[in-house]
Amino acid sequence: MGGTLAVLGGGVIGLSVARRAARDGWTVTVHRGTEPGASWVAGGMLAPHSEGWPGEEELLRIGLESLALWRAQGPGSYRDGLPENIITARESLVVAVDRADVADLATVRDWLAAQGHPVVATTAARDLEPLLARTIRHGFLATDELAVDNRGVVEALLADCERHGVGWAGPVDDLADVDADQVVIATGIDAPKLWPGLPVRPVKGEILRLRRRPGALPVPTRVIRARVHGRPLYLVPRTDGVVVGATQYEHGRDTAPSVSGVRDLLEDACAVMPGLGEYELAEAAAGLRPMTPDGVPVVGRLDERTLAAVGLGRSGFLLAPWTAQRIAEELADSARAPRPGRADRATA
């Protein structure tokens, strides 16, 4: 099995695809730029339950499949070759700040139950995370969810790709310039430049990194997700602090953090966990999520030579193992006639 494979894009998706293909016997070259992309500006939540919303049944389904791949261990698993300390949290606690937020929380909880995925409701959220604001009581636990250090994952994937013989080259602007038997487009928001018509657009998201200072209250043990007066917020543990995110809005290709975005994130974070006011503001950054109109990624074959792994949106880290597996399945049957499609329907 195998042949030559070019993976266009060096983020978490491109690296995951390249590593899996190299394990499967392909001679792989990753074409990537020198600037860090959206994978460097991410919370790293593996959270199909707490990210879910009515109408996103397909995304929930593939998210749960990918979470199972993340949780699997042993030779050949996605986590084989990645250090154990990339896991920074092993549960998510979803909480509400006001009555309207409580109603939204109930909507998600009831929808998950209707899909056959009940979560554990609580009216004593502070018993689980004592650093929450005193007024916060209502919430639910997603006990199977994880969080990872996004930058640690990218660095570990790079190292594991090299161990498996993956080569590196610069970015390309035209598929005709790529010399390989098979090509995977994994260039995020730039994918339509290589394949016009791919329904991917940039959506800006800002995050903050807060570093714990000596004497400050400890880092939470779980991912904390909240709705604060209708605005979504997440607090993701790291060894030295938390990642706070994320705003989401259409703003072209602007990646400069805005004052209003940073202000809202800080105010909402401190409304949920007041002790964060003692932390150091270590970084404010923005990235561009590659979104599709319906939120479902485009993962599958485009023609006899070209495959797409794009449009992962806010779920890139969650869906990395699922995407790598789906592309591997397509590559294993690369002589088959092309069957364009969306998400896993591309291999149906």
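Hi everyone. What you see is a predicted model, in which local features need pLDDT of at least 70 and side-chain atom pairs count only at pLDDT 80 or more, while totals for chains, interfaces and linings use all residues. Residues are numbered from 1 along each chain as its sequence is written, and side-chain values use heavy atoms, with hydrogens and water left out.

Let's start with the overall layout. The chain splits into domain 1, made of 1-86 + 147-199 + 293-338, and domain 2, made of 92-142 + 201-291; such bounds come from an automatic or database domain assignment. Between their C-alpha centres there are 26 Å. From the record, UniProt has an unreviewed entry with the feature "domain: FAD dependent oxidoreductase" at residues 5-329. Positions there follow the numbering used here, feature names are shortened, and annotations may be inferred rather than shown by experiment.

Now, the boundary. How many residues of domain 1 are in contact with domain 2? There are 32, and they meet 30 residues of domain 2, where contact means heavy atoms within 4.5 Å. The size of an interface is often given as the accessible area lost when the parts come together. Here the buried area is about 2700 Å², with carbon and sulfur atoms giving 65%; that is the accessible area (1.4 Å probe) that the two parts lose on being put together, summed over both.

Four salt bridges run between domain 1 and domain 2. The term means a side-chain nitrogen of Lys or Arg within 4 Å of a carboxyl oxygen of Asp or Glu. Have a look at Asp190 and Arg253, which form a salt bridge with their closest N and O atoms 2.9 Å apart. On the domain 1 side, the elements giving two or more residues are α2 (57-71), β8 (146-148) and α5 (150-163). Of these, α2 provides the largest share, three residues. Helices (H or I, at least four residues) and strands (E, at least two) are DSSP runs, numbered from the N terminus.

By the salt-bridge rule, the count comes to 27. Glu51 and Arg314 make a salt bridge at 2.4 Å, N to O. This pair links distant parts of the chain, 263 residues apart.

Two backbone details to finish. The peptide bond from Gly245 to Ala246 is cis, with omega near -15 degrees, and Ala246 sits in the loop between β14 (241-245) and α7 (259-272). His229, in the loop between β12 (223-228) and β13 (231-238), has a positive phi of about 55 degrees although it is not a glycine.
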